[in-house]
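Hello,

Here is the structure I promised to pass on to you. Have a look at it first, and then read on for my notes on what turned up.

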Amino acid sequence: MRAIKIVFSILMGLNLGYAQMTELSGVVEANESVDGIHVVNKSRRQYATTNASGKFKIQVMVKDTLVISSVQYKLVSLAVSEEDIAVKKLTVKLEPKVNELDEVVVGKILTGDLSSDILNSDAKPDINFYDVGIPGYTGEKKTANERRLQEASEVNPTLGGSLGGAGISVSAIALINAITGRTKRLKHIVKLERDEALMYGLKARLSESFFDEHPLENNLKMDFLYFCSEDENFMEQCGTSDLEALEFMKEKYKQYQINRAVKE
């Protein structure tokens with residue numbers, strides 16, 4: 001009985017330990033400069049930047065979401081595991097963003113005379129996969145996680161029974177993913193990716209003019225943008241037009257300043 005109590009106390013101590021904030025030491029690895037990369041704990045609103053060696057320290061708890069972002073590297077979003085907490089170390093490898101070159105047209109110089117240029121042009125129309133009887137997808141290209149989410153929750157035409165008589169059945173894999181929580185996690189990751197993409201688009205287009213009228217220290221600008229992206233209405237308010245996005249950011253700026261004053 002005494003042994004059972006000891007084991008129970010140890011387990012309780014471990015659980016309490018995981019429920020507390022832990023300072024995580026991390027290092028970012030990449031082929032180019034790793035200085036000044038943003039590391040944000042979106043779950044706890046903790047913020048850090050890497051030094052010249054790519055090292056950083058940040059307060060975390062188990063299952064917190066860390067976002068590592070930089071202009072020259074692809075964004076990384078990950079969940080803090082119990083193993084990360086136990087060793088108090090984290091290594092993140094970044095991949096460079098590949099910028100496409102501007103399109104270059106090589107060939108004959110056209111004169112502007114349409115009838116003449118058509119006869120002299122070597123251009124041929126692109127093959128349309130529908131013209132040759134091949135099914136294809138013409139919508140917006142999905143990210144890797146969006147494709148995983150689609151596969152994880154896919155429904156298939158039923159061969160036997162049906163779901164509600166509609167002739168559709170949920171695949172066994174989709175059911176397993178729903179039970180294990182994989183589908184829910186993928187939905188969360190996809191939402192984060194979409195919010196991040198929208199946030200960085202607003203940063204590129206609007207941040208210069210916005211911060212001219214609504215000043216913030218340089219080390220707080222990214223924190224403010226993440227603050228905006230965490231609003232449940234962020235996609236709805238900012239995904240339609242830049243004018244609506246600016247109005248939304250102005251309102252969030254007021255709340256952000258109030259929050260800062262309370263903390264100080």
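Let me begin with Phe224: its relative accessibility is 0%, so it counts as buried. Please keep in mind that this is a predicted model.

Tyr253 is buried, as is Phe224.

Phe224 also makes an edge-to-face pair with Tyr256, at 5.4 Å centre to centre and 75° between the planes. Because Phe224 belongs to helix H7 and Tyr256 to helix H9, this pair ties together parts that are 32 residues apart in sequence. With a relative accessibility of 4%, Tyr256 counts as buried, since the cut-off is under 20%.

Which residues make up the aromatic cluster here? Phe210, Phe211, Phe224, Phe227, Tyr253 and Tyr256 form one cluster. A charge comes in as well: Lys252 lies over the face of Phe227, at 4.5 Å from the ring centre. A search of the whole structure gives eight aromatic pairs.

Now to the strands. Strand S1 (residues 22–29) pairs with S4 in the antiparallel sense, over six bridges, and Leu24 has Ile58 of S4 as its bridge partner. Strand S4 (residues 55–60) has two faces: Phe56, Ile58 and Val60 are on the covered one, while Lys55, Lys57 and Gln59 are on the uncovered one.

Most residues other than glycine have a negative phi. Lys63, however, has a positive phi of about 75°. Lys63 sits in the loop between S4 and strand S5 (65–70), and it counts as exposed because its relative accessibility is 69%. Lys88 has a positive phi too, of about 60°. The loop between helix H2 (82–87) and strand S7 (89–93) holds Lys88, which counts as partly exposed because its relative accessibility is 46%.

Lys63 turns up again at the second largest pocket. This pocket is lined by 13 residues, and those nearest its centre are Lys63, Thr65, Ala79, Arg185 and His188. Strand S6 (73–79) and helix H6 (182–213) are the elements that give two or more residues to the lining, and H6 provides the largest share, five residues. By type, the lining has five nonpolar, five polar and three charged residues. The volume of the second largest pocket is about 340 Å³.

Enjoy exploring it!

Best wishes

Note on methods: Residues numbered from 1 in each chain as written. Predicted model: local features only at pLDDT ≥ 70, side-chain atom pairs only at ≥ 80, totals over all residues. Heavy atoms only, no water. Buried < 20%, exposed > 50% of the residue type's maximum accessible area, 1.4 Å probe, protein only. Helix = DSSP H or I, 4+ residues; strand = E, 2+ residues; numbered from the N terminus. Pairing = 2+ DSSP bridges. 1 Å grid on protein atoms, 1.4 Å probe; cavity = no way out; pocket = protein on both sides within 12 Å on 5 of 7 lines; lining within 4 Å. Points joined across faces, edges and corners; volume = space filled by probe spheres on them. Nonpolar A, V, L, I, M, F, W, Y, C, P; charged D, E, K, R; others polar. Phe/Tyr/Trp six-rings, centres within 6.5 Å; stacked < 30°, edge-to-face > 60°. Lys NZ or Arg CZ within 6 Å of the ring centre and 35° of its normal.
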